[in-house]
Amino acid sequence: MNYKDIPAENLLKIKTLGQLKATGYEPQSVKQELRQNLIKKLQNKEEVFPGIWGYEETVIPDMQRAILSMHHINLLGLRGQAKTRIARQMVDLLDEYIPVVQGSELNDDPLQPLSRHAKDLIHEHGDDTPVSWLHRDERYTEKLATPDVSVADLIGDADPIKAATLKLPYSDERVIHFGLIPRSHRGIFVINELPDLQARIQVALFNILQEGDIQIRGFKVRMPLDIQFVFTANPEDYTNRGSIVTPLKDRIDSQIITHYPKTIEVGKKITQQEAHVKAEQNQLVQTNDIIGDLIEQVAFEARESEYVDPKSGVSARLTISAYENLLSAAERRALLNGENKTYVRVADFLNTIPSVTGKVELVYEGEQEGAGHVAQVLMGKAIRTQFLKYFPDPDKVKKSKQPSPYKKITDWFGDGNTVDILNDAKAADYKKALKQVPGLEELVEAHQKESKGDEKLFMMEFALHGLAEHSQLSKSRLSTGLQFKDLLSGMFTMPKFGEEEEDDDQF
């Protein structure tokens, strides 16, 4: 009988050490286990890290090489780059079940026991020693590095209560209360935000990583622990809060650099996968690809913005939160207006500012401008960039000798006309406001022929925003929405006496 060929339901029927030996079971290290299961997946052309987008040619191959090399791993990258998710998915490369000595706190292998308890039990019962089975999900331990983490938490300490209960002297190793790391024997142990771990605690990891043993106070205990370590960290120069001490970094075999999505398409995949969209929102709100592109573009603009600290990064959580907020903005409008269906609007996109302001860390200039204003600027740049994918570049149109497709629109606003797009406008009022602008519908029909119905209205609103961002129109903030007007009149409009200036901000 080959142990590897025994199905899980039959393994669970094995209850004693003697029965386990009869299967031909042989101990193997957790790194060997990960390696063997990865080899099988690669040979079978199976996806190894499903749902991790944008890393197919970079991070995932590096991870696979590190696992094949049986390395301890450090995932280094800015926030929101799926470092912890990758570490958690390594669990899928473990065997479904492994045998342990029943009742052992260190997950002792029945053929290679570590703890005094397991050794005594096997010595006493021999082949009748009871065996239990540990599922792979129970072999993953994760610890966030915080300033209050102690050596006792991670490695262990003498337990006076255990000593008193068992009536043992402190010199007896049975009074040791093992920490998280020894209890992760034969499993995966992850420390998130490693630089936040105090230097003296990092030093305590040296022996575990290199020699595989632990040192607890004055005990002469040598335990060859079998653990796959995975660390996550931000770049050390992100803040002054801490760093990885050099000898510890030297003991981590592979350091893998993560990164943000390199394309809008990859970013959209991540956002759509991670966003918590309620079933009723899916039924109520209809979206399109353009609104998704706008949300992703905000993150791309933020990563390049002079107002945002590049060392902090812009997490993928920004786009996820913004997308959820966008749907909620459309949902709220439909609920207020008693509508059974609604289509997203650019106004909904602009109402996701609260999802942006808390997700970007500003430099001094950004702090001076204010988080709200920076968010508006980023959204404006996103509209400006995406506008050029669907309509002619107004700057190039100016320089060419061809008639401008925007002339009828800008002339109408130049005559003193204005359009108010209110956040919670009913569908009929929204349509009426857009339809009153001469040339706007013709523009969409000329350059976006496939747009019909609600999508056409969305493109008409999008065109107004794009023209404003390209300085063809003026866009002013109202208390309940936006007002579009002629560029020159917008520049010279002063707030009326008694009105607050913030109600007529240009952006």
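In α23, Leu440, Glu441, Leu443, Val444 and Glu445 touch Lys456, Met459, Met460, Ala463 and Leu464 of α24. Sort the residues of this contact by type and you get seven nonpolar, three charged and no polar ones. Keep in mind as you look around that this is a predicted model.

So how do the two helices sit against each other? Helix α23 covers residues 440-447 and helix α24 covers residues 453-469; they pack at an angle of about 110 degrees, and their axes are 9 Å apart. Angles of 65 to 115 degrees count as roughly perpendicular, so α23 is roughly perpendicular to α24.

Now for the sheet. It's an open one, built from five strands with parallel pairing, and the order is β4-β7-β8-β1-β9. At the edges you'll find β4 (140-144) and β9 (254-257), each pairing on one side only. Ignoring direction, neighbouring strands here are turned by 20 degrees against each other on average.

Let's zoom in on one pair of strands. How many bridges join β7 to β8? There are five, linking residues 187-192 of β7 with residues 227-233 of β8, and the two strands run parallel. Across this pair, Gly187 is opposite Ile227 in β8.

Two helices lie across strands of the sheet, as set out here:

| Helix | Lies across | Angle |
|---|---|---|
| α3 (residues 30-43) | β7 and β8 | about 80 degrees to β8 |
| α4 (residues 59-68) | β1 (73-76) and β9 | about 170 degrees to β9 |

Strand β9, then, is an edge strand with helix α4 lying across it and β1.

Notes: Residues numbered from 1 in each chain as written. Predicted model: local features only at pLDDT ≥ 70, side-chain atom pairs only at ≥ 80, totals over all residues. Heavy atoms only, no water. Axes fitted to C-alpha atoms, helices over the stretch in contact; angles between N-to-C directions. Helix = DSSP H or I, 4+ residues; strand = E, 2+ residues; numbered from the N terminus. Parallel < 35°, antiparallel > 145°, perpendicular 65-115°, else oblique. Contact = heavy atoms within 4.5 Å. Nonpolar A, V, L, I, M, F, W, Y, C, P; charged D, E, K, R; others polar. Pairing = 2+ DSSP bridges.
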